[in-house]
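Me: Hi! I'd like to go through this structure with you before I set anything up. Can we take it piece by piece?

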Amino acid sequence: MSATLILGLQWGDEGKGKIVDALSKDADIVCRFQGGHNAGHTLKVNNEKKVLHLIPSGILHPKTVCIIGNGVVLSLGSLLKEIANLQEAGIKFTDRFYISKNCSLILDSHVAIDLARDKQEGIGTTGRGIGPAYEDKVARRSIRLEDIFELSTLPSKVEKLVNYHNTVLQEVYKVNPLNAENITKELLQQKDLLEPFVTDVTEFLKESHIQGKRIIFEGAQGSMLDIDHGSYPYVTSSSTTAGGVVAGSGFGAQHISRTIGIIKAYCTRVGSGPFPTELFDDAGEHLAKVGNEFGSTTGRKRRCGWLDLKALEQIVFTNSVTELCITKLDVLTGLKTLDVCVDYSNDNQPIYKSFTGWQQNIESCKAFSELPKTAQDYLSFIEEFLGIPIKIISVGPERESAFLN
Ligand code: GDP
Ligand code: IMO
Ligand code: MG
């Protein structure tokens with residue numbers, strides 16, 4: 001069985017969690033392959049909201065196995081807290097949750113560097129230690145998950161790494177160092193809780209694929225935050241585009257035949273960096289307020305703007321998107337006109353095409369034909385412009401409030 005990849009195509013928070021949860025009902029496995037607990041994926045089921053940071057969004061479906069691939073950078077403290085919270089809500093993890101032994105770990109010293117550095121550089125990171133952890137991975141000095149089970153070598157490995165971090169913290173950022181022994185102690189305390197989950201994920205995915213299991217890969221962040229293809233340096237530190245799957249899980253690209261690109265019906269961005277279609281007027285206020293645009297991880301207000309089809313044109317190519325899912329269409333209700341960026345002028349100003357909005361509530365719509373004509377026109381234009389069909393339309397945060405097109 002060929003696998004499905006679900007990616008956010010903008011600056012994150014497109015509604016990946018909601019869509020992955022909805023599609024997981026028919027999946028055997030859901031796998032995260034990049035990012036870390038900088039992600040915040042919101043699931044709303046029976047009016048109850050759950051925000052997942054590291055656990056794949058298939059976890060609410062008891063028969064779905066959830067996997068964390070090697071490309072994820074792992075804060076063990078954060079992971080264990082998330083597991084405990086879900087267990088408290090009655091969700092089982094035994095025999096249905098696995099983590100790659102090759103994941104690079106996020107230590108407290110990574111978080112300290114991230115926070116100190118962002119004060120100077122102003123990327124507006126989530127402060128979770130993501131960038132510094134990926135730096136160490138690429139520099140071949142990470143502590144990996146499998147290392148915490150090697151009791152004879154762990155203390156010296158941690159000491160060496162934390163000493164290095166302390167030099168950076170003290171010399172470059174003039175902040176207090178951390179204690180390596182405390183960090184080792186914490187890892188040793190976490191070790192037993194994690195042991196049942198640690199596995200060779202690449203092998204597991206290969207075997208599962210051969211057995212015909214239905215696998216979903218769940219992206220975190222969005223394509224415009226990709227380390228290579230995003231608005232560098234205002235990006236995250238992982239490959240958020242389709243290429244991240246192979247690197248971050250070991251699952252070959254040819255085994256994926258369906259790539260669902262999720263776009264919000266407009267655009268949001270948390271943190272700093274260019275945002276050509278950003279709005280500072282009443283329409284922007286409308287999107288922020290009606291869309292409840294506050295970050296699921298940091299609570300920061302998300303910047304809002306019009307949909308940028310020109311930017312998406314490249315992104316759907318890079319990701320080999322086979323179908324689109326559009327979320328938060330309901331948030332546009334009430335706006336008189338909707339603008340969509342279709343090109344840029346010579347001085348890089350967005351060129352817009354305007355559409356007439358709609359005033360009627362669309363939250364209970366269950367088919368394209370039930371949408372107001374103006375909403376249909378808006379969606380049809382997106383499909384035509386990008387040359388890819390919109391197969392899923394989401395009109396509310398609840399699991400059920402999305403329909404196939
Ligand atoms: P993710 O990071 O891509 O999973 O997205 P987030 O969970 O960070 O942010 C998306 C927010 O929009 C969450 O609060 C969702 O509950 C909500 N949401 C998702 N789809 C829809 C939709 O179609 N309409 C509305 N109104 N809210 C939605
Ligand atoms: P989900 O998976 C939105 C942004 C941060 C910052 C930049 C770098 O919920 O869509 P980092 O901490 O990763 O080094 O921060 O990336 N960012 C996100 N924005 N949604 C996310 O995840 C994000 N994860 C990181 O705000 O601008
Ligand atoms: Mg999010």
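**Chat about the model**

Reply: Happy to. Let's begin with T202, which counts as partly exposed because its relative accessibility is 33%. Keep in mind that this is a predicted model.

Me: Good to know. Where is T202 found?
Reply: T202 belongs to helix 7, which covers residues 201-210.

Me: And which residues is T202 in contact with, leaving aside its neighbours within four places in sequence?
Reply: Those are N70, S249 and G250. There is also F251, with a C-alpha 6.8 Å from that of T202, though the two are 49 residues apart in sequence.

Me: Is G40 buried or exposed?
Reply: Buried, because its relative accessibility is 11% and the cut-off for buried is under 20%.

Me: Now strand 7. Which way do its residues point?
Reply: Strand 7 covers residues 97-100; F97 and I99 point one way, Y98 and S100 the other way, and all are buried.

Me: What does strand 7 pair with?
Reply: Strand 5 (residues 65-68) runs parallel to strand 7, with 3 bridges joining them. I67 has Y98 as its bridge partner there. Strand 9 (residues 198-199) also pairs with strand 7 in the parallel sense, over 2 bridges, and S100 has T199 as its bridge partner.

Me: What about the open sheet of 3 strands: which order does it have?
Reply: The order is 14-16-17, and the pairing is mixed. Strand 14 (307-308) and strand 17 (350-356) are the edge strands, each pairing on one side only. Strand 16 (residues 337-344) and strand 17 run antiparallel and are joined by 7 bridges. Y344, for instance, stands opposite P350 in strand 17.

Me: Which helix lies across strand 14, strand 16 and strand 17?
Reply: Helix 11, residues 373-386, and it runs at about 145° to strand 17.

Me: I care about ring interactions. How many aromatic pairs are there?
Reply: The count comes to 11 aromatic pairs. Ring pairs link one cluster made of F355, W358, Y378, F381 and F385. F355 has a charge over its ring too: the charged end of K353 sits 5.3 Å from the ring centre.

Me: Last topic, backbone geometry. Which residues does a cis peptide bond join?
Reply: Y232 and P233, with omega about 5°. P233 lies in the loop between strand 10 (215-218) and helix 8 (243-249).

Me: Great, thanks for the walk-through!

Definitions and conventions: Residues numbered from 1 in each chain as written. Chains lettered and ligands numbered in written order. Predicted model: local features only at pLDDT ≥ 70, side-chain atom pairs only at ≥ 80, totals over all residues. Heavy atoms only, no water. Pairing = 2+ DSSP bridges. Helix = DSSP H or I, 4+ residues; strand = E, 2+ residues; numbered from the N terminus. Contact = heavy atoms within 4.5 Å. Axes fitted to C-alpha atoms, helices over the stretch in contact; angles between N-to-C directions. Buried < 20%, exposed > 50% of the residue type's maximum accessible area, 1.4 Å probe, protein only. Phe/Tyr/Trp six-rings, centres within 6.5 Å; stacked < 30°, edge-to-face > 60°. Lys NZ or Arg CZ within 6 Å of the ring centre and 35° of its normal.
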